[in-house]
Amino acid sequence: MAARAKKKISSLPGIVSFGAYIPKYRLGKETVGWGMAEKAVANFDEDSITMAVAAGMDCTDGRDRGKIDALFFATTTSPYLEKQAATTVATALDLSRELRSADFTNVLRAGTTAIRSALDAIASGTARNVMVSVADMRMAAPKGDYDRNFGDGAAALLLGNADVAVEVEGSHFITDQMIDVWRAEGDPFVRSWEERFIQEEGYQRVMLEGISGLMKKFKLTPKDISKAVFYGPDPRRHAAMGKRLGFDPTQIQDPLFGSIGNTGAAFPIMILVSALEEAKPGDRILLASYGDGCDVLLLRVTENIKKIKGRRGVKKHLQSKKVIPNYDTVLRWRDLTPSEAARRPVPRPPSVSALWRDRDQIIRLYGMKCKACGTIQYPPQRVCTICRVKDDFESFRFSDKKGKIFTYSMDYIAGTIDTPLVITVINFDCGGRMLCMMTDREIDEVRIDMPVEMSFRKLRSVGGIHNYYWKSVPIRV
């Protein structure tokens, strides 16, 4: 009984930890060729997988990753049409190989669907701790209505039934066949039907039915809700929905349209993280997502919310940003503007066998620690460089370690999208040295001894294979 009390098992499963990721770069009113509301834009080497990894690292900061026994990845923009992306996310996060994994995709409410599946797995006993990482970077025709509203970002929740910070008290679901917003194979941009029809017969009707259904099921009134977190396609319709539901403006969590944008499947989960950063024990939060129906969850914050500290979450990521000077930069990142190809040999697809053989070194970012003398080094080698002992080492993870730039170079003729290509030699604070590219950097700020951390990024895509690796980035503070 004492052991059971120590674990603080909750009668209701729920959120144990949370994290988020917002790209460093923004389009804003200062951006030449844009001049509209600010929104977050993923860098050229980011996608939904890399952002899901970043959010997952924020969520697991200071926690034992070995206790996570399932990972669900949700997105509408998976880099692969046929290949599970959750395995890449789990491997980059250095989770156990004895892990249950799944992708939830093709619908805007994929994030809440993954959460509900995770809660069911916990309730049934088939999993104890499940991470749900949600990320999206939907593309729209340049400077159109969707381009103005869409933003990029990710959020991650760790769900379990011990030390629960946010209990899930109940839920309500609506499944509704509606072709309002879609993207078929080969479509680079999101499509939609006539505006008034899809809003009145889709979003407004379904969200009202779903949220009202939950309120009626649990005999609640709007006054019983501390914060309402719900999907909205744009600021105007989000505000109108809150009014129709009877919520006071102070009860509606800021949807951050003017700083992040509509992040698709990740949108309601990111706004939930923002709400939890300010939540108090006893608060009741309503979470609702939309897409071919509606998922509605009723949440209650517990005393354990006070234990979740040190996360960058939404708040700290919002405070660390860089406005892109020219809109043409984003068009180049998304390969939406004609440009002269680099005068280099055509790149070959990466060796699949080499990627498999070195996956721990490449994806998990494992080096080695000598058992004899404690020397840490990367890449892993059979012989210790200090004591010369052979084959007597243990794996050592560098992905969550910080360091400083020992030296660097800038290549202006490398043919990269992000000229110049910055190559850094990193001395990790814990020991060990690594040669890697640098990203999210401002050229005039790069210097010797600059503090950096590691970020999982895309090197290139050739032959349909997305080649990922870790790059150094300036620490965002």
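Visitor: Helices here are DSSP runs of H or I with at least four residues, numbered from the N terminus. This is a predicted model. Which helix holds T50?

Guide: The helix in question covers residues 48-59. T50 is found within that run, so by the DSSP definition the element that holds T50 is helix α2.

Visitor: Is T50 buried or exposed?

Guide: The relative accessible area of T50 is 3%. Buried means under 20%, so T50 is classed as buried.

Visitor: Which residues is T50 in contact with, leaving aside its neighbours within four places in sequence?

Guide: Contact is a matter of heavy atoms within 4.5 Å. With the sequence neighbours of T50 set aside, the list is D45, F456, R457, K458 and Y468.

Visitor: Which strands stand at the edges of the open sheet of three strands, each with a single partner strand?

Guide: The order in this open sheet is β3-β2-β14, and the pairing is mixed. Each edge strand has a single partner, so one side of each is left without a neighbour in the sheet; the two are β3 and β14.

Visitor: Which residue in β3 stands opposite Y25?

Guide: Strand β2 (residues 25-27) and β3 run antiparallel and are joined by three bridges. Opposite Y25, the residue in β3 is V41.

Visitor: How many residues of strand β6 are buried?

Guide: Strand β6 covers residues 130-136. V130, V132, V134 and D136 point one way, M131, S133 and A135 point the other way, and all are buried.

Visitor: What is the bridge partner of M131 in β7?

Guide: Strand β6 has pairing with β4 (residues 70-75) in the parallel sense, over five bridges, and there F72 stands opposite V132. With β7 (residues 153-162), β6 pairs in the antiparallel sense over seven bridges. In β7, the partner of M131 is L158.

Visitor: Which residue in β13 stands opposite E167?

Guide: Strand β8 (residues 166-175) has seven of its 10 residues buried, so it is largely enclosed by the rest of the structure. Nine bridges pair β8 with β13 (residues 293-301) in the antiparallel sense. Across from E167, the residue in β13 is R300.

Visitor: What is the relative accessible area of T302?

Guide: T302 lies in the loop between β13 and α9 (313-319). The contacts of T302, not counting residues up to four places away in sequence, are V164, A165, V166, E167 and P281. T302 is buried, with a relative accessible area of 16%.

Visitor: What distance separates the C-alpha atoms of T302 and V130?

Guide: Along the chain, T302 and V130 are 172 residues apart. The separation of their C-alpha atoms is 19 Å.

Visitor: What volume does the largest cavity have?

Guide: The structure holds three cavities of 30 Å³ or more. Of the 19 residues that line the largest cavity, K39, R138, D147, V330 and R334 are the closest to its centre. By class, this lining has 13 nonpolar, one polar and five charged residues. The volume of the largest cavity is about 200 Å³.

Visitor: Which helix gives the largest share of the lining of the second largest cavity?

Guide: About 130 Å³ of space lies in the second largest cavity. Its lining has 13 residues, with V181, Q199, Y231, P233 and Y290 nearest the centre. The largest share, three residues, comes from helix α6.

Visitor: How much space lies in the second largest pocket?

Guide: The lining of the second largest pocket divides into 11 nonpolar, eight polar and five charged residues. The space in this pocket is about 670 Å³.

Key: Residues numbered from 1 in each chain as written. Predicted model: local features only at pLDDT ≥ 70, side-chain atom pairs only at ≥ 80, totals over all residues. Heavy atoms only, no water. 1 Å grid on protein atoms, 1.4 Å probe; cavity = no way out; pocket = protein on both sides within 12 Å on 5 of 7 lines; lining within 4 Å. Points joined across faces, edges and corners; volume = space filled by probe spheres on them. Nonpolar A, V, L, I, M, F, W, Y, C, P; charged D, E, K, R; others polar. Buried < 20%, exposed > 50% of the residue type's maximum accessible area, 1.4 Å probe, protein only. Pairing = 2+ DSSP bridges.
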